[in-house]
Amino acid sequence: MSVAKVFGPVDIAVSGMRAHAKHMEVISSNVANARTTDAGQGQPYRRLEALFQAEGKKIGGVTVHDVVPDNSALPQMYDPGNPKADATGYVTMPNVHLPVEMMNLNIASRAYQANAAILRRYQRMVEASLELLR
Amino acid sequence: MIEFDPNISSLPLTTKVGAPQVFKPPVGNPEFSQVAKAVGNYVTKVDDLQQASDASVQDLLTGKTNDITAVISAAAKADMSFKLLVGVRNKIIEAYKQTMNMPL
């Protein structure tokens with residue numbers, strides 16, 4: 001039994017924590033830019049989505065392999081006083097929906113907690129095995 | 001870590017239940033010096049892990065990285081390997097004491 005093998009669950013749990021922390025970063029970007037009408041090239045902010053990918057084909061961790069924009073339609077808001085409004089008085093707003101983001105935030109934080117719980121439980125498991133040495 | 005095969009049918013069928021077991025020493029019986037050498041190698045491994053853990057904490061505190069999960073991983077590995085080393089050390093010392101206290 002290689003000692004490095006013992007750390008498998010540690011690496012997997014930590015990769016999950018890292019991936020979900022990244023997901024949380026993406027969500028915070030979405031929430032912060034929920035009303036950003038100009039994200040660079042004069043276009044409103046587009047909601048970003050983190051894509052998860054397994055590390056390897058067998059048992060292994062997870063990574064956020066890409067962060068892609070959500071290409072759903074941008075909502076129009078009637079606001080004639082806005083300097084960004086077009087000729088008909090509509091402003092194109094970002095396609096961020098705060099309730100959706102809050103749900104995703106809950107999922108991400110619960111997933112992070114779950115990975116941390118696995119790490120802690122695994123450490124306790126190894127300690128229990130070492131108790132048998134005494 | 002714990003490799004447990006719940007599949008009873010995969011057990012070798014040659015051992016009959018209740019039959020007296022003949023003790024066969026494993027092939028290439030390890031000498032104690034080899035065990036001591038293995039422990040010595042493991043100590044260097046544990047030291048490497050401890051140093052990696054220290055380095056990652058330092059990197060986090062000096063702002064070289066902001067990846068807290070790397071610190072968690074390194075600290076968990078260092079902690080677990082050190083606990084295993086302490087367990088093995090205690091066992092060896094206990095065995096030494098028992099040997100020394102043997103009435104001759």
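**Salt bridges between chain B and chain A.** Three salt bridges are counted between chain B and chain A, a salt bridge being a side-chain nitrogen of Lys or Arg within 4 Å of a carboxyl oxygen of Asp or Glu. A:Arg18 and B:Asp67 form a salt bridge through their side chains, with an N to O distance of 3.2 Å. Side chains of opposite charge can pair when their charged atoms come close. The structure is a predicted model, in which local features need pLDDT of at least 70 and side-chain atom pairs count only at pLDDT 80 or more, while totals for chains, interfaces and linings use all residues. Residues are numbered from 1 along each chain as its sequence is written, chains are lettered from A and ligands numbered from 1 in the order in which they are written, and side-chain values use heavy atoms, with hydrogens and water left out.

**The contact between chain B and chain A.** Chain B contributes 20 residues and chain A 21 residues to the contact (heavy atoms within 4.5 Å). The buried area is about 1,800 Å², 73% of it from carbon and sulfur atoms; buried area is the accessible area (1.4 Å probe) that two parts lose on being put together, summed over both. Five residue pairs, both members at pLDDT 80 or more, are in polar contact between the chains. A polar contact is a pair of N or O atoms within 3.5 Å; within protein, one must be able to donate a hydrogen and the other to accept it, and residues adjacent in sequence count only if both atoms are side-chain atoms.

On the side of chain B that touches chain A, the elements giving two or more residues are helix H1 (32-62) and helix H2 (68-100) of chain B. Helices (H or I, at least four residues) and strands (E, at least two) are DSSP runs, numbered from the N terminus. H2(B) provides the largest share of this side, 14 residues.

**The largest pocket, with a volume of about 200 Å³.** Its lining comprises A:Arg18, A:Ala21, A:Lys22, A:Glu25, A:Tyr112, B:Asn66, B:Asp67, B:Ile68 and B:Thr69. On a 1 Å grid over the protein atoms alone, a pocket is an open set of points with protein on both sides within 12 Å along at least five of seven lines, whereas a cavity is a set where a 1.4 Å probe fits but cannot get out; lining residues have an atom within 4 Å of a point. Grid points are joined across faces, edges and corners, and a volume is the space filled by probe spheres set on the points. Helix H2 (8-32) of chain A and H2 of chain B each supply at least two lining residues of the largest pocket, and H2(A) gives the most, with four residues.

**The largest cavity, with a volume of about 30 Å³.** One cavity of 30 Å³ or more is counted. Its lining residues include A:His23, A:Asn30, A:Arg47 and A:Glu101. H2, strand E1 (48-54) and helix H3 (98-131) of chain A each supply at least two residues of the lining.

**A salt bridge within chain A.** The side chains of A:Asp70 and A:Arg47 are joined by a salt bridge (3.0 Å, N to O). This pair links distant parts of the chain, 23 residues apart: A:Asp70 lies in the loop between strand E2 (62-69) and strand E3 (76-78) of chain A, and A:Arg47 in the loop between H2 and E1 of chain A.
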